[in-house]
Amino acid sequence: MKMKTILLAALAAAALSSASYAEDKKTVAYIAPSLDISYWQWVGYGVKEKAKELGMDYVEYTSENSPAKQMDNARTAVTKGVSAIVIGPVSSTSTPPLLDYLAKQKVPIAFAGIGPQPGLTNYTSSVTANNYETGKAQAKFTCELAKERGSKKVGMLSLPQDRENAQKYLKGAKEAFAAAGCDLVQMLETRGLTISEAVTQANDLLTANPDIKAIYGMYDEAGTGAAKVVETRGLNGKIGITVADGSPTTIALLKKGAIQGIFFQEAVGQGIDGTQQVYNALTGAPVTQDMALVMPLVTADKVDSPEAKKVIARVFPPSN
Amino acid sequence: MTDATNGTTTTNKLRTTRFRVPAVLFSYRTEVAIAAAIVVLLLAVGMFVPAALSMGNLQNIIQAAAPLIIMSLGVLLVVVTGGIDLSVGSVFSLTGMVTALAMASGADGLTASAAGLAVGLVFGSINGLLVTVVGLAPFVVTLITYAVAGSLAFIVTNGRSMPIGAPDFWLLNSGEIIPGIPNHLLFCIVLMVALEYVLRKVVVGRWFYAVGSSAIAARLLGIPVLRIKFAAYVASSLLASFAGLLTVSYILNAEATAGASLMLQAIAAVVIGGASLFGGTGSAIGAVLGALMITCIQNGVNLIGVNSFWQGSVTGAAILLAVLIDRFSNKNRI
């Protein structure tokens, strides 16, 4: 009987100690729309590193581009007892039921990369790129490149225009092109987001419009594809190329002079900032609900500067 | 009324003996119709964008079509035997990643290419063994290998795209073994001619049609059905790997998602080219023309500036048209 009492007491103590540890050790879940894409892996890296720094555990889920799977992931995370969620949603429109559920569960949630549906307020924080302003800045720079090369005609390799961020990029770009006096003669939208497709589209763009003097790449592979085509056609330097996002591949092309400017999207930085915001919510510190990060421009002549290196550190992990 | 040994008809044979030249054209009537459709398509696009008919654009089309052509030739062999290969897109991607990874580890271009082709050999053998020895349905088997190869393409480099370091690797795609003919075009021509010859003129080639028309009848005739099917899956994966190598050589970059859209396009190309998914019919020339047709549609849509989301609808319409032409031409013959 005495032995049984001691055992029960030990078990109870262990359970209490484990519960108290779980209460102290917070866990952040990162729900990615699809971990096939480098960008979302890099956001995850930012979440993981910041979680480590803040003493939090980290778990990740992938929604495989399915809103239903995204909802399942959120439920699983809550069931497992996570303290907070950082999410790259499948789409903005998929977020209302998710936010309703998490609000009921009192789990703070930060968005990274893609924000919630406009009009919603029941989220902790949204850390996104300022696509509209970036669209304007990139178009202005692209137009300058075209004019330097003796023409006002520019082409664009775009993300699919059913995406909200692509629409914002385009809106900003069109306004800036008009203001700077450049003509956007053709825009082709990607479907597969691959370099091969971008090569084909850049070729078609230049075949249909041989007088284009600059190409605006709205995503990283577009810049790589356009650079390949310009090089193959022997037009190095005669057609300017700008690109949004940034990766080791496009940085190498920037250094070679095949691309003239990259507007970096801080994937790692979005993960870091999102995690900081949910941590603030958990600890009662002030929270910034909407953070639209400016996408800084880095040109070939400045790519090795300390400022540029600081920017690049917030774009992709050092192992890349 | 299909002749199980070569996929042509008895009527066709009679015509061949009486009027040799027209009969050859008649036996390739689907291919001639597709070729004519491609010419009409190019001319129509050329009315909007004259540069569509320039030599530069035609070279672009051939360059863009080359990987799809090579992959379609492999898929054709499987389809002719009455099977299906859904794994080719993933094998294509994995080949690129393995090749790039081998180069990053210090291998030269030749060794890295061999490593890439080994992917095709391994996955083709797995497909072939599971279909022939284990007796699983081709759809299920290749769906599994599609998933596994696709997953491995991400695992081997943790999802990162890989630049190609070897300075001369571009020669595989864009070099010229025969002066004036870029290698990608040469490979397409050689593979198409060789495959068409084997399928039409060599006994083993005819066995592929026989197996696709009726595996039971073929077995009774003493045709090694399982070996033919195994060979078809190995050839399909090897050609998908080779197409992956060519693409990596062209863009000097390997991506884990590179082949994602190609599998359906390759099957579509084969069907547009006159092959039946029930097996027993199809030609290498038809598959090549089918791949060219798909690429020309994509090129035309881009040149004219039509929203690229329409490409799928236009390709679907082209497949429907090809199938209807084939159906009615067969009906008329009977």
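Author: Let us start with B:Ile62, which is partly exposed, with a relative accessible area of 28%. Here buried means under 20% relative accessible area, exposed over 50%, and partly exposed in between (1.4 Å probe, protein chains only). This is a predicted model, where local features need pLDDT of at least 70 and side-chain atom pairs count only at pLDDT 80 or more, while totals for chains, interfaces and linings use all residues. Residues are numbered from 1 along each chain as its sequence is written, chains are lettered from A in the order in which they are written, and side-chain values use heavy atoms, without hydrogens and water.

Reader: Where is the place of B:Ile62?

Author: B:Ile62 sits in helix H4 of chain B; helices are DSSP runs (H or I, at least four residues), numbered from the N terminus.

Reader: Which residues is B:Ile62 in contact with, leaving aside its neighbours within four places in sequence?

Author: Contact means heavy atoms within 4.5 Å. By that rule B:Ile62 touches B:His184 and B:Leu185. Its C-alpha atom is also 7.6 Å from that of B:Leu292, 230 residues apart along the chain.

Reader: How many salt bridges does the rule find across the interface of chain B and chain A?

Author: A salt bridge is a side-chain nitrogen of Lys or Arg within 4 Å of a carboxyl oxygen of Asp or Glu. Across this interface the rule finds zero.

Technical notes
Helices (H or I, at least four residues) and strands (E, at least two) are DSSP runs, numbered from the N terminus.
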